[in-house]
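Here are some friendly notes to read alongside the structure. Keep the viewer open and look up each residue as you go.

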Amino acid sequence: MDEAYIEKEDIILPPDPARVMEGLRDTGYDFNTAVADIIDNSISANASTIDILLQMDPAREITVYIADNGTGMDYAGLKNAMKYGSDKRNDPSSLGKFGLGLKTASTAFCKNLSVISRGSDMQYHKVQWDLDHIAETHDWKLRQPEILDDELNFLEKTTGNGTGTLVVWKKTDRLLHDYKNTGAAKNAFKKVEESLTFHISLVYQRFLDNKDNRTKNVNIILNGAKIEPWDPFCLEEKNTVLLVQEPLEIEMPNSSIPTLMIKAYLIPRRDEFSTPQAGIQARVSNDMQGFYVYRENRLIHYGDWMGMFSKEPHGTLLRVDLSFDHSLDEAFHVDIKKSRILLNEEIFNYIKDSIMPAPRRAADERYRKGTKKAVEQAGANAHDASNRNIDEKAKGVEGAKVEVTNETTGEVQVTNQNGTFKHRITIHQSDKPGQYRVIPVKSLEDGLLWEPCITDGKHSVEINMGHAYYQKIYYPVLSENVLVTGMDALLWALAEAELSTFNEETKEQYEEMRIVVSRCLKKLVADLPDPDISDED
């Protein structure tokens, strides 16, 4: 007979609070994402003003204040907010999602988190998690310290004596490195402020933009300055093109069919913006291409193609808006920091194969037009050193005498070691003194990379700036005089060798050789990266 199973009493096994809190400090927040998590709570509390203050005292102790004029919390609500795994919000569209953000975001950078709030009871309440105190007591002891005057003043300045909440970070031990001098620390602190300003302007753009009616408007102030919205899609620029606008219906396990809105935008090249300053502010660079994913109009992910494509220069001008509401959270696996999503395979493949091909072709075409223009502009004066170098040494290496017999038709008489021959060649008059040995041109017949020519009566070489070799090999190093001079010298020498050795029987063979070499070079560099004409150049 089998031994009877006797059910035993469950074991209550509470976690060690100090170990849990220390462990949750390493959930992967960066400072910008952590502050954004606090801002989410303020917006969820219907705040219209959020005031952020970053302070560093002479001893380099950093304090962060984040105040809002939202609905605030009474004592019970405040305790719930400080609980790890706080009660689920009634509004599923709330930007706050897991009941952990306030604590994990804050303690990722500080060891002392205080929250002061005034709710519908119009009473101020303050509670505090202090990780050092938790480590000493080995218990989940939420402190209730006195409200300090500076805390009360800052909160009331934001709320106007109404309801609202103030979050305070002290013992901020993970924001800056241990710099040796105060000056370096101040510079680093300034960069933190600048980075946070841009992050907020991007992530909450739809809330900050008074002209955007998709969300309620919110004013966010950082160190006394109001943050302005930053539009990644450059919608006010006349040369921005909406390439795709498609609502994608997604069937959920609960039989609901929410919509993912997909909009692909082709932004202008830098030279196409309405003003030079607008082009700079648009941040046209590799880092900013890709998907911009919005949950409830709050940006949660941007700056890559989520594994769909590699980031390449010809995608620099393409930015794609993916917008959805809370009803798609399960489908997109929104993470705890609200900074990442995962597309399921079916959605991933549909966007990749059905949505993206046309926008990518359009971006590639606009980029290549910009590349051609940039290369032509950069190449115009990049060969000056080569002209001087070749001109100084040309007489000692030239093996042919070329006399122009008809400048209009390009007919010349060439005398070299093999005799005297009639020939037809391109004849130039230089636009600029000293530019008569290396002549960069927009294109050459038959796609040639180089061709002999005569400029101001001197032996010279035309170099095709439209050739892939010039765009991918020359363009990235045009500012490097030694490299450019060396490559120019090689092509000029090839042109000179042709003039010095051809005869009537070999003229066509030399021309064929230039065609074949130019085609080979085009294929050999085909897989090399395109030149980056982003705003860093």
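1. Which residues in helix 13 meet which residues in helix 15? Before you look, bear in mind that this is a predicted model. On the helix 13 side you will find Ala385, Ser386, Asn389, Ile390, Ala394 and Val397. Their partners in helix 15 are Asn481, Val484, Thr485, Asp488, Ala489, Trp492 and Glu496. Sorted by class, the residues of this contact are seven nonpolar, four polar and two charged.

2. Now for the geometry of that pair. Helix 13 covers residues 384-397 and helix 15 covers residues 481-501. Their axes lie 9 Å apart, and the packing angle is about 40°. Angles under 35 degrees would count as roughly parallel, and roughly perpendicular begins at 65, so helix 13 and helix 15 are oblique to each other. The crossing of these two helices is right-handed.

3. Next, please turn to helix 2 (residues 31-44) and helix 7 (residues 182-203), whose axes come within 10 Å and cross at roughly 50°. That angle makes helix 2 oblique to helix 7. The handedness of the crossing between helix 2 and helix 7 is right-handed. Helix 2 brings Phe31, Asn32, Thr33, Val35, Ala36 and Ile39 to the contact, while helix 7 brings Val192, Ser195, Leu196, His199 and Ile200. What classes do the residues of the contact of helix 2 with helix 7 fall into? Seven are nonpolar and four are polar, with no charged residues.

4. Helix 11 (residues 345-355) and helix 12 (residues 357-379) make another pair to inspect, with an angle of about 50° and axes 5 Å apart. Helix 11 and helix 12 are therefore oblique to each other. From helix 11, the contact uses Lys352, Asp353, Ser354 and Ile355; from helix 12, it uses Pro357, Ala358 and Pro359. By class, the residues of this contact are four nonpolar, one polar and two charged.

5. How many cavities of 30 Å³ or more does a search of the whole structure find? The search finds one. The volume of the largest cavity is about 70 Å³. Its lining is formed by Gln289, Trp305, Phe309, Ser310, Glu312, His314, Gly315, Leu318, Arg360 and Ala363. Within that lining of the largest cavity, four residues are nonpolar, four are polar and two are charged.

6. Finally, have a look at the second largest pocket, with a volume of about 710 Å³. It is lined by 27 residues, and the closest to its centre are Pro229, Trp230, Asp231, Cys234 and Glu236. Which elements give two or more residues to this lining? They are helix 8 (205-208), strand 9 (259-266) and helix 9 (276-281). The lining of the second largest pocket has 12 nonpolar residues, 12 charged residues and three polar ones.

How values were computed
Residues numbered from 1 in each chain as written. Predicted model: local features only at pLDDT ≥ 70, side-chain atom pairs only at ≥ 80, totals over all residues. Heavy atoms only, no water. 1 Å grid on protein atoms, 1.4 Å probe; cavity = no way out; pocket = protein on both sides within 12 Å on 5 of 7 lines; lining within 4 Å. Points joined across faces, edges and corners; volume = space filled by probe spheres on them. Helix = DSSP H or I, 4+ residues; strand = E, 2+ residues; numbered from the N terminus. Nonpolar A, V, L, I, M, F, W, Y, C, P; charged D, E, K, R; others polar. Axes fitted to C-alpha atoms, helices over the stretch in contact; angles between N-to-C directions. Parallel < 35°, antiparallel > 145°, perpendicular 65-115°, else oblique. Left-handed = near helix turned anticlockwise from the far one by under 90°. Contact = heavy atoms within 4.5 Å.
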